[in-house]
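I opened my notebook today to look at some strands and some aromatic rings.

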Amino acid sequence: MKFRSIYLVYAAAALLLAVQIVYSVSGTRAPAPAETAPAAAPPPPAPPPTPADVTTLILSGQDGSQPVWLSRAGAAWKLETLHGAPAAAAKVERFLAALLTDEKRPAPPPAEGAPAPATGTGPGEGVLVSIGINGGEAAPALILGLRPEGVYDAVYARRVDQDEVFLLPGDMRGDMGIWKNAPGALPENAAWLETRVFAFDPALAENLAVVYPDHRFDFSLGEAGEWAMSGAAPGGDWSADGLKAWLRDLSDFRIAEAADPDQRALYGLDHPSHTLAIRLKGGGAKTIAASPNRFGEGMWVETSDYPGQVFLLPGWRFQSYFQRLAALFPHASPTYPVDEISFIDIRRGGESVKLSRRDNEWRAVATRYPLRSD
């Protein structure tokens, strides 16, 4: 019995020694605890957008009604919701600068005992401003509300995801074509239209050709810097200064409305009644084509500055831009002493009006009704 116990002790010792030898030879060790990697730092916040980052600007009601959609192409802006017509780029940039300014001011608190002022930024009120950054899809950003009472250079505003109301600088409602300071008023496409659609430096003009339905006039600048006129011109001297004033007016050619370019044939612009071409020193030319508006007042026009676009030119501006020939031929009107005039006969076509003065009182000969003597 004693030898059996000793044998078991030796056997256990031998087994432990064998296990130790195996682990020593194989190099096996107990696995070390895994090291925890340091947590990654959060990315820095994106910088706020600048006006140069904005490529789309949409102004509408909070429900998306009556949108004005402006998109950027390089330095130019166009109205997607007005036949792709050019937008006033300087005005858009000024609006974006006010929209994205850091100079937001807190809305002033109401006077003691007075109700909170209407801001026009509540649900269903104001103008929803959506912007697209660097070609991205436009997303709602701000609600523009009313002007504070008695203030014309600021508007109430709030972020779409916040309730805090603050003030943005500038007459932003006026820029949007909203003149009524009421919550339901919405922006107008026409307020953003670029009205100057034909521009050049008058000092660079060296030839002007004007074509009317029944005649043509050409003006050319000679080597000595003097303008000459050719074509079916009335006799007599003409005024080069009048031509220079005409060119100055043409260099600031402005329209009133934009029209659907797909309807240019309906507007008569496939066969324009009037054309105007200016050749510039050093090469290059500027052209205008025009036809009468058969549906109302004014003239439909196309310009080389904005090919593919059609505009409506008011009638009084058409007179200034196209019908200037009379101003080139100044003539002295006859003058008579007023006290010596006793009879006036005015005729036009088959009509005639005769006036007679007796005892310093004018009468229409046919009716005998007294007329004003002044």
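**Ground rules.** I am working with a predicted model, where local features need pLDDT of at least 70 and side-chain atom pairs count only at pLDDT 80 or more, while totals for chains, interfaces and linings use all residues. Residues are numbered from 1 along each chain as its sequence is written, and side-chain values use heavy atoms, with hydrogens and water left out.

**Entry: strand E18.** I looked up residues 299–303, which make up strand E18. (Helices, H or I with at least four residues, and strands, E with at least two, are DSSP runs numbered from the N terminus.) Is this strand buried or exposed? I found that 5 of its 5 residues are buried, so E18 is largely enclosed by the rest of the structure. (Buried means under 20% relative accessible area, exposed means over 50%, and partly exposed lies in between, with a 1.4 Å probe and protein chains only.) Both faces are covered: Met299, Val301 and Thr303 are on one side, and Trp300 and Glu302 are on the other.

**Entry: its partners.** Which strands pair with E18? One is E17 (residues 285–292), antiparallel over 5 bridges; another is E19 (residues 310–313), antiparallel over 3 bridges. On the E19 side, Phe311 is the bridge partner of Val301.

**Entry: aromatic rings.** How many aromatic pairs does the structure hold? I noted 9. (Rings of Phe, Tyr and Trp, its six-membered ring, pair if their centres lie within 6.5 Å; planes under 30 degrees apart count as stacked, over 60 as edge-to-face and the rest as tilted.) One of them is Phe198 with Phe200, edge-to-face at 5.8 Å centre to centre and 70 degrees between the planes. Phe198 is buried at 0% relative accessible area, and Phe200 is buried at 9%.

Phe219 and Trp246 are edge-to-face as well, at 6.2 Å and 75 degrees. Phe219 lies in strand E12 and Trp246 in helix H4, so this pair ties together parts 27 residues apart in sequence.

How values were computed. Pairing = 2+ DSSP bridges.
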